[in-house]
Amino acid sequence: MIFNTLLILAVVSTSVDSTDVRDADGYEISELTSQSPPTEIYKLGLAYYEGDSVPEDDAKAFELFQKAADQGYAPAKHYLGVMYYDGIAVEQNYQKTLKLFQEAANQEDANAQYGLGIMYDNGIGVNQNHEKAMEWYLLAAGNGSFDAQNNIGTLYYFGKGVTQDYDEALKWYQKAAEQNIALAQFNIGGLYENGYSVSQDYDESLKWYTKAAEQNLDLAQLAIGGLYQNGNGVTQDYDTAFEWYKKAADQGNQEASNRIGRLVMNDKIDDTGITIYSTQETGLTLGDLEDSLGE
């Protein structure tokens with residue numbers, strides 16, 4: 001199974017006086033004024049955004065990003081767009097996100113170009129348009145976005161906006177995987193598992209899934225569990241399958257939870273103490289559920 005990188009737009013922060021604040025490298029950030037360079041204003045905003053060496057403060061980050069953006073600084077426009085996208089410290093507004101990303105993208109900001117690709121790819125705030133998504137992903141990739149490289153591969157994999165081409169998909173996945181993008185490593189594993197563009201090779205598939213799983217990617221953990229459950233390239237081992245499914249389920253992967261349930265119901269593993277994982281936290285074990293069904 002192949003997946004696109006999602007647009008992850010998390011923000012963090014807290015109020016503190018901007019005097020005598022130190023950045024992540026330990027240098028003092030003097031009190032900023034409206035005449036301060038936008039790079040310095042942005043830098044302090046980023047510290048509040050990430051909670052890096054200062055308390056987290058969404059409102060303060062937004063204020064500083066706005067000041068830097070007002071001076072035309074592209075990275076600040078991108079982060080403002082992110083905050084509008086997620087509705088953090090401001091009301092969610094995809095149209096403002098689109099405008100800010102567009103401005104920053106036109107200034108060659110790779111993150112904004114990638115963000116526009118995501119919006120067109122998924123029809124967020126715009127009509128879905130895979131050709132447009134590809135255009136922005138290619139620009140972002142050319143400016144150093146490794147996540148964009150992965151997503152270009154996925155458009156080729158599915159033939160969205162381009163002619164379906166597994167060889168081209170593999171090429172782009174490899175570019176991103178070389179930069180340690182977990183999702184690209186997982187996607188290469190999927191190509192080997194299914195024999196698309198390459199000869200089917202479960203050993204090679206496991207190798208790539210493991211690289212991604214080591215970065216705690218739940219999809220890769222799920223895939224490794226599947227290899228052990230089915231004995232593909234490894235000795236069939238339901239207990240090992242369960243261990244990998246549990247890693248994914250602990251991260252909220254519902255398919256992993258479902259597979260654990262099926263292993264128990266089919267008497268493949270012992271259900272003692274196994275927690276039911278679901279989108280609703282029941283706190284019950286599978287054993288509890290079986291007991292209730294038998295009453």
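Trainee: How exposed is Glu255, and what is its relative accessible area?

Mentor: This is a predicted model, in which local features need pLDDT of at least 70 and side-chain atom pairs count only at pLDDT 80 or more, while totals for chains, interfaces and linings use all residues. Residues are numbered from 1 along each chain as its sequence is written, and side-chain values use heavy atoms, with hydrogens and water left out. Buried means under 20% relative accessible area, exposed over 50%, and partly exposed in between (1.4 Å probe, protein chains only). Glu255 is partly exposed, and its relative accessible area is 30%.

Trainee: With which residue does Glu255 form a salt bridge?

Mentor: A salt bridge requires a side-chain nitrogen of Lys or Arg within 4 Å of a carboxyl oxygen of Asp or Glu. Here the closest N and O atoms are 3.0 Å apart. The partner of Glu255 is Arg259.

Trainee: Which residues do salt bridges that share partners join into one network?

Mentor: Lys60 pairs with Glu63, the closest N and O atoms being 4.0 Å apart. Glu63 also pairs with Lys67, at 3.5 Å. The network consists of Lys60, Glu63 and Lys67.

Trainee: How many of the 13 residues of H11 are buried?

Mentor: Helices are DSSP runs (H or I, at least four residues), numbered from the N terminus, and H11 spans residues 218-230. What covers its buried residues includes helices H9, H10, H12 and H13, where contact means heavy atoms within 4.5 Å. H11 is largely enclosed by the rest of the structure, because its buried residues number 10.

How values were computed:
Helix = DSSP H or I, 4+ residues; strand = E, 2+ residues; numbered from the N terminus. Expected span 1.5 Å × (residues − 1).
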